[in-house]
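Subject: Structure handover

Hello,

Please find the structure below. My notes on what I found in it follow.

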Amino acid sequence: MFPALETELKQQTLPEAYEDFMYHHLQYYGYFKGPTSLSSTVHRQIEAVSRGISCPSRPENGNSYSLMLSSPLLKSRQLLHDDLGEVNSRLREPRDLFAFFSSSGPLQAPRWPIECEVIKENIHHIVPTEDSYFTTSRVGGKPGIIKELAVTLQGPEDDTLLFESRFESGNLQKATRVNTYEYELTLRTDLYTNKHTQWFYFRVQNTRKDVTYRFTIVNLLKPKSLYTIGMKPLMYSQLDASTHSIGWRREGNEIRYYRSNTDDGQQRFYCLTWTIQFPHDQDTCFFAHFYPYTYSDLQCFLLSVANSPVQSQFCKLRTLCRSLAGNIVYLLTITNPARTPQEAAAKKAVVLTARVHPGESNGSWIMKGFLDFILSNSPDAQLLRDIFIFKVVPMLNPDGVIVGNYRCSLAGRDLNRHYKTILEESFPCIWHTKNMIKRLLEEREVLLYCDIHGHSRKSNIFLYGCNNNDHKFWLHERVFPLMLSKNAPDKFSFHSCNFKVQKCKEGTGRVVMWRMGILNSYTMESTFGGSTLGNKRDTHFTLEDLKSLGYHVCDTLLDFCDPDRTKFMQCLAELKELLQQEIHKKFKELGQDMDLEGSWSDISLSDIESSTSGSDSSFSDGLPVHLLNTADELNQKKKMYKKKKRKPLQSRKQRNKQYQKSNLMQETKLTEDAPEGAGFASTLQKQPAFFKNSENTSSSMTKNEKPRLNELNGRDKGTSLGPSKMTTLILTKNKERMQREKPGFTVSCSPKRNTNPSQEPAPDTKPNWSRNRYPATKGGRTTAVVYPSLHIYTYP
């Protein structure tokens, strides 16, 4: 493979002292296996070079270790050299911390469950036979001879189609010929489960041109689908790709999605049927639910990033963990090097993840668009890398992607319902992701978390968030989605967004990260179909559409963090107006006419919104049977640890200090309570009318309202205000009532008033979404859509 290197190895010699040193050194670390001949050493070392590893051994000949430092191809990369070429005393980080990419070596092959047969064409997969849960894996899947296709062609005139899906991300279980040109297809359920059939990806060979074939998938499980409103399957022709550079395209006619007449006794099946005419004879075609993006595709992309001398400077690849099957879960850290430690510590973090559900490949294409932009030399990308640290996990569930699952990992469970798990070994991908974010929160603020998904029943792209309970940041979690809808008006729908936190979603990444303290915690949902908005209305999303949304996420981040808060405050005002309209609409639907002036912001936002109407798999199946005992044992250990942990005994001096401190606090409290009580009593005497009106209003609201409405004197029911707080509330409310009686009074729409009046949008002018956020670095950015501001008259 390297004849020049082999000649060099034969010609070079080294001093015996150095040879002895290297011999003992390598033997100590376990690399030396015994003396061999020179020729075998050369061949082994050349093979090692091609794989990007070192595999030295000591030959009997004296020309042994010339390869270690003298050869330019096999020079050690562990010692760090300075600008003058001198060796630094430091060693590089262990290679296990990196992503094992080498420009000269092959990518690590995907690891398969041993139940899966895999064809040798780098595409993948089949059904488990014996075990009911995952046990072990190997490169290449099931050992032994791969079974031949069930159908053998009888000659060139035989027009039987040949189906195959034992390649990466394929999942066809069976194809049955029911007529000359009609086939019934059965999809494999997610491994180690009996459900989750939606994703499909398979190959068809021995095609005939100008013949109408009918394919029917007979065991789909979702009662609703975008196929009922015009979505088409995807087809890929190898002949068209090689001759005309045509890739995946939407094909199919007479498409129907309907309820089947058969079931398995536990769940009802649904069918998808379509007709197709192949463009060529003897072609190889592929069909898929959506544009495939495999684990190998991700590895090739990351390899190009690792080998780029520019991108590798600000994008560091690490191994977050290994999956159940031993596949690497990659973690990317993207940021420009900081000039000072203070600058590095001031950077906020942004976390993005994708493909926790392996059949939602649209998440990978949005992620690729994001990475393409953030790793580019665009001024906006450089600015984002200057002010943020991006933590990116591009594929959370590589095992599921490899075997062609739609929703689950090899544990047979939906990972996006187990972010609260304590079972590291059973759910390593999300366990390590959660702990990575937990450590990140200890170091710096995490501005935004976004987990990218696909949606099978709704059009457009939208976000699910979490309603914020802190009145100081009221509606702030909705600003980023609204800005994104303005930057991508033909793809992103703000009206499809939902911010209700349901009990069945408590184990999702969005809710768990929100409860950990990330205010802007989202699930991004991208349709498998297309858009109903603007210029993209009634069209399927293409790969470029999905990748462009990755750019729009970056663009919106800049808007969201713009030091000029005009855009932020404008969006906040618009959100308040939209919410007030929604509240009036809700009461109108309930047949009630209610005056919400002064109190509408106290209504629980969760009462206004409906459920997220997400997947049909919203409810967790719980842990697999073989893991229940393990979880119980871990919980028992935690309880025992808490019982054993006691407070240390205090010395007499410490107890005396604590006693004096408590006495002093009680005396101070008694002296402070006396004047406050008097003031509170006088206030009650001076303001009888307000309390009378307030009580009447509260009683009427309680009788008529059906949603939960928080009372004016507290955010939660049963919450009592202290005397001083009650006094402040009474005076504030009376002042507002007096001001509202004055003609022309307008209350500020901002929950936290801005002292700079120039930054507040005028009520009768269009908002100016200036693109010159950072004049020194910005350049050539497209102008955002201009939205007229709304007149707002009453706000709390």
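Helices (H or I, at least four residues) and strands (E, at least two) are DSSP runs, numbered from the N terminus. Counted this way, the chain has 20 helices and 23 strands.

Two points on conventions. Residues are numbered from 1 along each chain as its sequence is written, and side-chain values use heavy atoms, with hydrogens and water left out. The model is predicted: local features need pLDDT of at least 70, side-chain atom pairs count only at pLDDT 80 or more, and totals for chains, interfaces and linings use all residues.

Confidence

pLDDT is the predictor's confidence in each residue, from 0 to 100. Its mean over the chain is 74, and 62% of the residues reach 70 or more. Residues 95–99 stay under 50; the model has 16 contacts (heavy atoms within 4.5 Å) for them beyond four places in sequence. Residues 675–735 are also below 50, with 50 contacts beyond near neighbours in sequence. Where pLDDT is low, the predicted coordinates should not be read in detail.

Whole chain

Of the 796 residues, 48% count as buried (under 20% relative accessible area; exposed is over 50%, partly exposed in between; 1.4 Å probe, protein chains only). The chain exposes about 41000 Å², of which carbon and sulfur atoms supply 51%; the areas come from the Shrake-Rupley method with a 1.4 Å probe. Among contacts with a separation of 6 or more, 75% are between residues 24 or more positions apart.

The sheet

An open sheet of seven strands has the order β15-β16-β18-β17-β19-β21-β20, with mixed pairing (two strands pair if DSSP finds at least two bridges between them). β15 (315–322) and β20 (461–464) are at the edges with a single partner strand each, so one side of each has no neighbour in the sheet. From one strand to the next the twist averages 20 degrees; axes are lines fitted to C-alpha atoms, for helices over the stretch in contact, and angles run from 0 to 180 degrees between N-to-C directions.

Strands β19 (residues 446–455) and β21 (residues 520–527) run parallel and are joined by eight bridges. Ile-452 has Met-524 in β21 as its bridge partner. Across β19, β20 and β21 lies helix α12 (residues 479–487), at about 35 degrees to β21.

Aromatic pairs

Rings of Phe, Tyr and Trp (its six-membered ring) pair if their centres lie within 6.5 Å; planes under 30 degrees apart count as stacked, over 60 as edge-to-face and the rest as tilted. By this rule there are 33 aromatic pairs. Phe-167 and Phe-286 make an edge-to-face pair, 5.9 Å centre to centre with 75 degrees between the planes. This pair links distant parts of the chain, 119 residues apart: Phe-167 is in the loop between β5 (162–164) and β6 (172–179), and Phe-286 is in strand β14 (residues 285–288). Phe-167 is buried at 0% relative accessible area, and Phe-286 is buried at 6%.

Phe-560 and Phe-568 form a tilted pair, 5.8 Å centre to centre with 50 degrees between the planes. Phe-560 is buried at 7% and Phe-568 at 6%. One aromatic cluster includes Phe-163, Tyr-181, Trp-274 and Phe-287.

Asp-240

Asp-240 is in helix α4 (residues 238–244) and is buried, at 5% relative accessibility. Beyond four places in sequence, Asp-240 touches Ser-245, Ile-246, Arg-249, Pro-279 and His-280. Asp-283 is 43 residues from Asp-240 in sequence and 9.1 Å from Asp-240 in space, C-alpha to C-alpha.

Regards
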